[in-house]
Amino acid sequence: MINEFLYKDELIETSVEPKDGRVEVSVNGNLYSIIPAGANRFSVDINGKKKTACCIIKDNKSYVDIDGVLLELIIPSEDGANAGGGAGVGEKDKVYAPMPGKIVKLLVKEGDEVTAKQPLVIVEAMKMENQVNSPSDGKVKKINFADGDQVDTDTPIIELEIAE
Amino acid sequence: MVKLENMSKKLFNKILVSNRGEIAVRVINACRLLGVPTLAIYSTADKDAVHVKAADEAVEIGPPPPRESYLNIDKIIQTALENKCDAIHPGYGFLAENPDFPDKCKEAGVTFIGPSGESMRLMGNKVQARIKMSGAGVPLIPGMKAAGATIEEFEKAADEAGYPVLIKAAAGGGGKGMRVVKEKKDLKESVEAAKREAKNAFNDDTVYLEKYIEDPRHIEFQVLADTHGNVIHLYERECSIQRRHQKIIEETPSIAVTPEIRRQMGEAAVKVTQAADYVNAGTIEFLLDKNGGFYFLEMNTRVQVEHPVTEMVTGVDLVAEQIKIAAGEKISESAMNAVQTGHSIECRIYAEDAENGFLPSSGKILFYNEPAGPGIRVDTGVTGGTVVGVEYDPILAKLIVFAPDRDLAISKMINALKDYKILGIKTSRKFMIDVLAHPEFKAGRTYTDFIDRNMGDREEEANLAELAAAISSAAMMTKPALSTAGYGLKQTRLSPWQTIGAWEIGMRISK
C-alpha cells in the first residue's frame, strides 16, 4: 500500500506492509519497522534506540508525537489537490494573525517599506500580546484591519508587495 | 449513623471553587480529601470542562469573556449564597488577587479561602508593598518609590537606576504587563505596551520601574500563617526558567541556596508575612544574585501554580492547609514540623508553539495520555476531547516529579515528558525536554535569562518527518477500512490490519 504525506511543502511517499505483528514502512529507501503498542501508540527502533510515538489521524491531517516532538503532516486528498495547510502556509506576501484575537496596534502603514522579521502588528490572544513579524522584505500594499478590530486566521491583516 | 457531634469538626458546608482548569480540579481534590462538598462554576465555553465534571455540583455563571463570568464578583457570591456554599476558594489568576473579592465575601458572610482584603491590597500593590517592606528591613532592588505617571518620570528613574530596567504592572503577576528595556529609545513604547497589557489583564494600567538585575535567580519561599499567630515557611522554590517572564519549569530545593542563605531568606520571608499581617498561604518572591545577595520582589497572596513541588518535598498538602486555616484551625503539626526531603521539578504544560515564538495554540485535544509511575504527578484541567479556546490562560496541566536527588529528578522528568502524549494542539514538551537535557541546566546555571541565553539555536526537527510519515502510515493501517477513504490511499487493498482498532481508547473522535 502506498501513502502520501505533505510536510512543509515536501511530499513524502511511503510504502507499507504488515509483517509478523509489525508494520514495515519504506520511506525514501529507508525501512522502518513499527510496532503498534495499543491506543494510537507505536514504538520503533532507530539505530538501536527505542523511540515511543503516538499518532492520530483527523480529517486531512496526521498528528504525530515522537518522544515529545510534535509533527503535523497533511494527507493530500485523492484528487491530488492539496486541501490542507490552512490559510497562510508558505505565503510570503500576506500576514495573518497566528490565532483569532484582537489587533492591539498596527506598527506600519500602507506604503511603508519593511524588512523580513520586522514587527508589523501586535495581536492580543489568551491575554498575551503577540508580535507578528514580516515574512519577507517588501512594501506594505494593503492593511485590511484597524487597531481594536477582531481578527481571525483566514483573512490577512496586512498584504505585502515583495521586494525582488 | 454517627452523630455529627462525634465527628471531627466540619470545616465547611460546601466550597465554591471560583476558577477553572487544573487549579479548580486541584482545589476540588483537596476538598474531597477533607470531606467538604464542592460547587464548580463555569462559563458557557467550559460546560464540558474537566473541573465541571470533577465537582459535586456545577453552575453556569455566564458567557466566555472572563469579565462576564470568572471575574464577575457579585454573580459568584450570589451563586455561593444560592447554593449554600459558606466558603469560596479563588485558585490563582482571575479574582485570586483582587481585594474586593474577599471584602465582598466578608460582607456577604461567606469565608474567603485566602488572606484578608486588607493584606491583599497592601501586598497586591507592588509599589506600596515595597515601601512597607523597606520599612520592615527587608532588602529591595533599586528603582521607583512610586508608580510613574509621565514618561519623563520613567526616564528619570531609569537613568538613576541604570539600564537595563524592568517595567512592571503595580497590580501584576504572571508576567503580564512586564517589559525589559535595554535602551532609552525603547522606553516610551515599552511603558505604553506594559500599560495596555496591565489594563487588559488587571483592569489597572499602573506600572512602575526598577533596576533589572543581571544573572539573577528567581527564588521564592512558601509561607503559611494561621489566625493563632503561627507563621512558618516551607522552604524555597527556584523558578528561574522563564519565557516572556512566565515561569515554565520550577524546582526545589534550589542548587544555589546554601543552608545559610536558606536560613536568611526564610527568616526574611517570615518577616514579610508578619509585617503584612498576613493569614493563609502565600509566597514571598526574591531575586538571588551571584553573590548570595537577595532582594524582595513581591508577595503573591494566593496559592502558586508551582505549589506542588513544595508539596512533594515536604509532604504538606498546601490547599488543604489553606482550607483548614480559613476555617480557623491551626497550621497542622505535620506542616509545622516539615523538613525538605529529596528533589522535585515541575513543568508547566502550556498550549503554545515553542518552535514559533511560544505563540498560544488553540484547538481540540485529539489524543491525551498521561505518564504514570512512582514519583510522577499530573495536575490537569484537560483530557481527550477538551477544546482549548483563546479566551483563557493557555496553561493546560502541570507535570511534577519527585526523586531522591536533582539528577534523578531531571531524568525522571525527561522520560515523563516523552510519555506525556497530547495531540491536536501544540504544547512545549519537547522544548522543556531540551531545557532539562541542556548541560547548563544540569550544571545548575539556571538564571532567569536561561532560555534567551541557551535555547536560541535549537535543531529543526524536520529530519523526523520521514519517521512521522512512516508512523502515520502504520496508524492508517490500524484504522477501520471505512475511514481510510480520503486518507490518500493510492491502492485500497483491504488488509487484516484494516479491521483492527475500529475505535480509539480514551475518547471518541467525532467528525
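Author: Start with helix α7 of chain B. On the face turned away from its buried side, α7(B) carries the exposed residues E152(B) and D159(B). Helices (H or I, at least four residues) and strands (E, at least two) are DSSP runs, numbered from the N terminus.

A word on the source. This is a predicted model: local features need pLDDT of at least 70, side-chain atom pairs count only at pLDDT 80 or more, and totals for chains, interfaces and linings use all residues. Residues are numbered from 1 along each chain as its sequence is written, while chains are lettered from A and ligands numbered from 1 in the order in which they are written.

Back to α7(B), residues 151-161. Its buried residues are F154(B), A157(B) and A158(B). Seen down the helix axis, they fall within an arc of 100°, so they line one face of α7(B). The arc is that of the directions from the helix axis to the C-beta atoms. The cover over these buried residues includes β6 (165-169), α8 (187-202) and β8 (207-211) of chain B. Contact here means that two C-beta atoms, placed from the backbone, lie within 7 Å.

G162(B) follows α7(B), with a positive phi near 90°. Then comes a cis peptide bond between Y163(B) and P164(B), with omega about -5°. P164(B) sits in the loop between α7 and β6 of chain B. Most peptide bonds are trans. Chain B has another cis bond, joining T252(B) and P253(B), with omega about -5°. P253(B) lies in the loop between β11 and α9 (259-275) of chain B.

Eight strands of chain B form an open, antiparallel sheet in the order β13-β12-β9-β10-β11-β14-β21-β19. Two strands pair if DSSP finds at least two bridges between them. At the edges stand β13 (294-300) and β19 (376-380) of chain B, each with a single partner strand, so one side of each has no neighbour in the sheet. Neighbouring strands are turned by 25° against each other on average, direction ignored. Axes are lines fitted to C-alpha atoms, for helices over the stretch in contact; angles run from 0 to 180 degrees between N-to-C directions. Helix α14 (residues 429-437) of chain B lies across β10 (231-243), β11 (246-252) and β14 (343-350) of chain B, at about 45° to β11(B).

Within the sheet, look at β9 (residues 217-225) of chain B. It pairs with β12 (residues 280-288) of chain B over 9 bridges, in the antiparallel sense. Q222(B) is buried, with 27 other C-beta atoms within 10 Å. Beyond its neighbours within four places in sequence, Q222(B) contacts H233(B), L234(B), Y235(B), R237(B), T283(B) and T310(B).

Finally, chain A. D9(A) has a positive phi of about 70° although it is not a glycine. D9(A) is in the loop between β1 (2-7) and β2 (10-19) of chain A. D9(A) is exposed, with 10 other C-beta atoms within 10 Å.

Notes: Buried ≥ 20, exposed ≤ 12 C-beta atoms within 10 Å, placed from the backbone.
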